[in-house]
Amino acid sequence: MVDPTTAFSEVPSSWNRRHLLGLEDLTSEELTTLLDVAERFRQFMREGHRRLPLLSGKTCVNLFFENSTRTRTSFGVAARRLGADMIDFSAATSSLSKGETVIDTAKNLEAMGIEAVIVRHQTPGTPHLLAQNLNCCVINAGDGPHEHPTQGLLDILTIRQRFGRIEGLTVALVGDISHSRTARSNIWGLKKLGAHVIVCGPSTLVSPRWAELAVEYSYDLDSILPRVDVLNLLRIQFERQLTRPFPSVREYAHLYGMNRERLSRTKPSILVLAPGPINRGVEVATDVADGPHSAILDQVTNGVAVRMAVLWLLIAGGLNRSKAS
Amino acid sequence: MGRLLIENGRVIDPSQKLDRVMNILVEDGRIAAYDVAPSGAEERIDASRKIVVPGLIDMHVHLREPGHEEDETIATGTAAALAGGFTSVACCPNTDPPIDTQAAVEFVRQKAAQADHCNVFVIACVSKNREGKELAEIGLLCEAGAVAFSDDGAPISDAELIRRAFEYCLMFDKPILSHAEIRELTTGGVIHEGLISLILGLQGIPAAAEDVMVARDIALAEATGGRLHVMHVSTWGSVQAIRRAKSRGVRVTAEVTPHHFTLTDECLRGFDSNFKTNPPLRSREHVQACIEALVDGTIDVIATDHAPHAKEKKMQELDRAPFGAIGLETALGLVITQLIEPGYLSWSSAIEKMTINPARILRLNKGTLPIGADADITIIDPEVWWTVDAANFRSKSTNSPFLGWKLKGCADTVIVGGRVKYRRQG
């Protein structure tokens, strides 16, 4: 049993950040703190609890400049479970369409008394731009192909739940590595925690330069299948591609689609993840997505726990810091 | 106009292979005599422990006027030039409207005369409206005073048009200044394509986009006998191509900017748009190739590509923020700190690339100090350390990638046409 009065009485002293901009910046200790706290929230929910008002009276805003179902809703659920208010801001109906800059928009929202801005934007670095110009917490919910730290954390949490560890595992990220923020956040988080990471996909979407960062790269999915513990199947990001990186979806699915036949050539303990939204029949066949090795829906549940952890650590941690000073 | 005696300075004039301590007498806007003693009738400038060079020339600046006065004006840009030690600048035609008519050339020259800071030479468009479709009236533009032709920032993809431009400019003995970029390879790009773009998930600008265009331009210059000047060289591949072309006698010259011989794409790690330039800051091996090309003379000129942008334009998402960095007021300090102090260039070869070399390319009677020459003179304090501070810029914009840097050496006194136009305070 998780006793909320002790488990969440104070933010761990190892946590000192005001923003979560990416997993590349975090130490393995900070990653572990985040995962441990998320696990406690997960356990708390597993025990049937719905609300834990650690952030009551606080207000967060979802500042989303790109479409999102999962992440936006997940942050909203996480905030409400912690007793915080969540305001949804949509770029399409905002003053941005009247020419207001993203910094001005965010500053105006902040002036209304906001504790955290959760930002998704098509351009890498926009959360960093906001973090430099705002006093409140900034959480990166995906900046173009750069990072998506809470997605990385929830993937890693799902892996840790299944295997009890990250160190020593071999994790393959398959698909559109070039345009995937999920890939980048996974790479940094997994490597810091001691996993071996393989990026796999067509040569137009997988740079050999990954080797310079001690990440293995491969164009041949079949050759790596027998030695991976985890397969994370990434979506082809057609909307980010300026030129077509492969001749047809059919050809892609033939070379990289995860189906039952390919699954039969993996370790029996294989864990299949997909950050969603998934394209059934492209990167993953329906019987694999819905099969016993898939943890796709576990990922979604973990997503809420991870976002509760992030909101609590950043907002409550900030309150502690201001009390201390 | 009176007499001015510059005393006891170390005079470095690479055009005359001159490097010794001496006095220079200026009279009626011209160099009147060397080694004369003071007579008591002239204004005197003590240049002891200072370096006296022909007035520096920056052959690649953007003064933004007409059309983008929120970024810079001819008056503020030329004031910045003086503070940076430049007595002459050549300004690019990517204004609004672009400099593709005689009237536009005359407008810039008139504004520059009114500002009365430094000399301004006009680079005019190769093509009408910088559209890359038909040639601008190059002959008439020459008569109005244009010194070179460029569609800077809008590279001409039509190989036939640029071939005609090389041929046509032959009869006016004018160079084509090429911003070498294959547009199809740079769409959406904001940063050098390499390890850093991979990590940051930013759309890359491959070095090949420059290499391919430089190779094309060299081939067309060679085929026509025209004069090609490659602007802001940034890649190893361009350097190789230019070096080979020069060795077989192609009429090609090249420039590099201080930011390209100093900074790498690592600077974009913090997503600061002041480091977003075109061409982009490259990786270390490209920077090293540019420095080696300065050393062996493959690159003839140091030019700033001074590209002011108002703060509100730069304070945007990285893909929306415009390309460019200001450079006039930091160039000299960077040349001294980054090239001369580490021993890459001697004083003489560095000054050559900022005086006589650009003057020869643009056919200016500048950048040299023989008796009778225009008295455009820059007196440099080579020892002073100073900090780059946005509050001190004369430029209207502050988009410098060197804010907070400590640099050694700067312009102390700047003389244009025999008149002291700038004196460093403090």
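Q: How do strands S7 and S8 of chain B pair, parallel or antiparallel?
A: S7(B) (residues 86-91) and S8(B) pair in the parallel sense, over four bridges. Strands here are DSSP runs of E, at least two residues, numbered from the N terminus, and pairing needs at least two DSSP bridges between them. This is a predicted model, where local features need pLDDT of at least 70, side-chain atom pairs count only at pLDDT 80 or more, and totals for chains, interfaces and linings use all residues. Residues are numbered from 1 along each chain as its sequence is written, with chains lettered from A and ligands numbered from 1 in the order written.

Q: Nice. Which residue stands opposite Val120(B)?
A: That's Val89(B).

Q: And what joins S8(B) to S9(B)?
A: Three bridges, and these two strands run parallel. Ala124(B) stands opposite Phe149(B) of S9(B) there.

Q: Is S8(B) buried or exposed?
A: Six of its six residues (119-124) are buried, so S8(B) is largely enclosed by the rest of the structure. Buried means 20 or more other C-beta atoms within 10 Å of a residue's own, with C-beta atoms placed from the backbone. Asn119(B), Phe121(B) and Ile123(B) point one way, while Val120(B), Val122(B) and Ala124(B) point the other.

Q: Switching topic: which residues have the most contacts inside the largest nonpolar core?
A: Val122(B), Ile123(B), Ala146(B), Phe149(B) and Cys290(B), in a core of 121 residues. A core is a set of buried Ala, Val, Leu, Ile, Met, Phe, Trp, Tyr and Cys residues joined through C-beta atoms within 7 Å.

Q: What about the other core?
A: The other one lies apart and has 112 residues, among them Val11(A) and Met308(A).

Note on methods: Buried ≥ 20, exposed ≤ 12 C-beta atoms within 10 Å, placed from the backbone.
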